[in-house]
Amino acid sequence: MSKVITLNEFIMDRQADFTNATGELSRILNDIAVASKIVSRDVRKAGLVDHILGAHGATNIQGEEQQKLDVIADEQFIKAFENGGEICGIASEENDDYLAFQSETAKNGKYVVLFDPLDGSSNIDVNVSIGTIFSIYRRKSEQGSLATLDDMLQKGNEQVAAGYVLYGSSTMLVYTTGRGVNGFTLDPSIGEFCLSHPNMKMPETGRIYAMNEGNIDICESGIKDYVQYCQSFENDKGAPYSGRYIGSLVADFHRNMIKGGIYIYPDTTTSPEGKLRLLYECNPLAFIAEQAGGLATTGRERVLNIEPTRLHQRVPFFTGSKNMVEKAMSMLK
Ligand code: AHM
Ligand code: MG
């Protein structure tokens with residue numbers, strides 16, 4: 001049996017690689033790990049809360065209203081970031097505007113975090129995998145002042161670190177600081193994330209495509225052509241690919257990381273900008289995809305090169321194995 005390396009140990013070891021590291025980024029990653037363990041525990045109890053302890057929106061015995069799981073997760077992460085002291089502000093899918101933390105310690109924080117606390121909301125109530133996605137940047141504004149919108153609207157290629165947590169058959173945390181991608185599985189018996197997937201690489205090609213094909217008639221013709229290519233005996237594999245669509249971005253992305261494949265959420269006539277959010281869904285996963293040897297584009301340009309203009313901006317998203325994303329893009333031109 002090989003030695004167990006916990007996430008904590010791994011983060012500390014990696015910190016030593018950076019000569020000027022002050023430990024702040026390491027502390028943020030630790031805070032995320034702790035918050036995600038709490039969320040994982042709550043996710044594991046979700047059915048009990050709904051069907052035995054009382055439905056969401058109902059009032060519990062203390063007269064408090066039961067909250068939805070995505071709101072609980074949002075509050076949990078915000079609490080961790082606000083109390084940590086390294087972060088001056090956050091933006092999240094759950095909040096219309098960004099939040100600038102008010103305490104003096106937080107104002108001196110060097111970083112901002114953008115995150116989707118619980119992605120795949122339609123899957124929460126039906127016991128299917130869901131995830132958390134996060135993206136960390138150095139602030140642009142002066143330390144000591146309140147965080148600004150410009151701190152949030154940075155290009156993906158400025159990310160200092162990014163990651164996701166998958167609440168699946170096990171809970172996994174996968175992250176990058178720009179030096180490869182590593183995955184950790186939560187061992188619930190000891191409450192620790194343990195290194196289970198060191199130096200993750202996305203296979204260059206695969207035979208799985210993931211797309212909501214219910215949208216096919218409202219997509220541009222290039223998408224239809226690509227899906228037909230996936231389903232044909234005339235493709236590069238000489239046999240139809242498998243279609244797999246969980247409808248939880250983190251879960252579909254993670255499967256492709258391990259097995260190879262492509263995930264597509266294009267623009268449609270009803271959602272001309274696509275559905276997924278650039279800042280806290282696409283950018284972090286794009287950073288991880290590239291670090292693992294895969295690609296992430298809008299079908300036309302590299303996601304990490306996009307200059308954001310709005311907090312909740314949406315973009316079309318094509319990500320996964322390099323050869324597959326390149327093929328899909330070639331059919332759009
Ligand atoms: P959400 O942030 O409201 O949960 O939406 C994002 C989710 C992704 O996890 C998933 O890939 C996609 O939306 C599924 O959308 P659709 O149901 O349109 O296929
Ligand atoms: Mg989401």
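A residue counts as near a molecule when one of its heavy atoms lies within 4 Å of that molecule. The views below show a predicted model.

**View 1. Residues around ligand 1.** The shell around ligand 1 holds 16 residues, of which Asp119, Tyr245, Leu249, Tyr263 and Tyr265 come nearest. Sorted by class, the shell has six charged, five polar and five nonpolar residues. At least two residues of the shell come from strand S3 (111–119), and at least two from strand S11 (262–265).

**View 2. Polar contacts of ligand 1.** A polar backbone atom of Gly120 is 2.8 Å from an oxygen atom of the ligand. From Asn212, a polar side-chain atom lies 2.8 Å from an oxygen atom of ligand 1. For Lys275, a polar side-chain atom is 2.9 Å from a ligand oxygen. Ligand 1 on its own has 470 Å² of accessible area, and the protein covers 83% of this.

View 3. The domain assignment divides the chain into domain 1 (7–197) and domain 2 (208–330). Their C-alpha centres lie 24 Å apart. Across the boundary, 46 residues of domain 1 are in contact with 31 residues of domain 2. Ligand 1 lies between the domains, because both give residues to the shell around it.

**View 4. Phe287 in helix H9.** Phe287 is part of helix H9, which spans residues 278–291. The residue has a relative accessibility of 10% and therefore counts as buried, the cut-off being under 20%. Beyond its neighbours within four places in sequence, Phe287 is in contact with Gln159, Val160, Ala161 and Ala162, with Thr176, Thr177 and Gly178, and with Leu304. Val160 is 127 residues away from Phe287 in sequence, yet the two C-alpha atoms are 9.7 Å apart in space.

View 5. Thr298 sits in the loop that runs between strand S12 (295–297) and strand S13 (317–320). Its relative accessibility is 9%, so Thr298 counts as buried. The side chain of Thr298 reaches the backbone nitrogen of Arg300 at 3.2 Å. Apart from neighbours within four places in sequence, the contacts of Thr298 are Val303, Ile306, Val315, Pro316 and Phe318.

Key:
Residues numbered from 1 in each chain as written. Chains lettered and ligands numbered in written order. Predicted model: local features only at pLDDT ≥ 70, side-chain atom pairs only at ≥ 80, totals over all residues. Heavy atoms only, no water. Polar contact = N/O pair within 3.5 Å; in protein donor to acceptor, adjacent residues only side chain to side chain. Areas by Shrake-Rupley, 256 points an atom, 1.4 Å probe, with all protein chains shown as cover. Helix = DSSP H or I, 4+ residues; strand = E, 2+ residues; numbered from the N terminus. Nonpolar A, V, L, I, M, F, W, Y, C, P; charged D, E, K, R; others polar. Domains from an automatic or database assignment. Buried < 20%, exposed > 50% of the residue type's maximum accessible area, 1.4 Å probe, protein only. Contact = heavy atoms within 4.5 Å.
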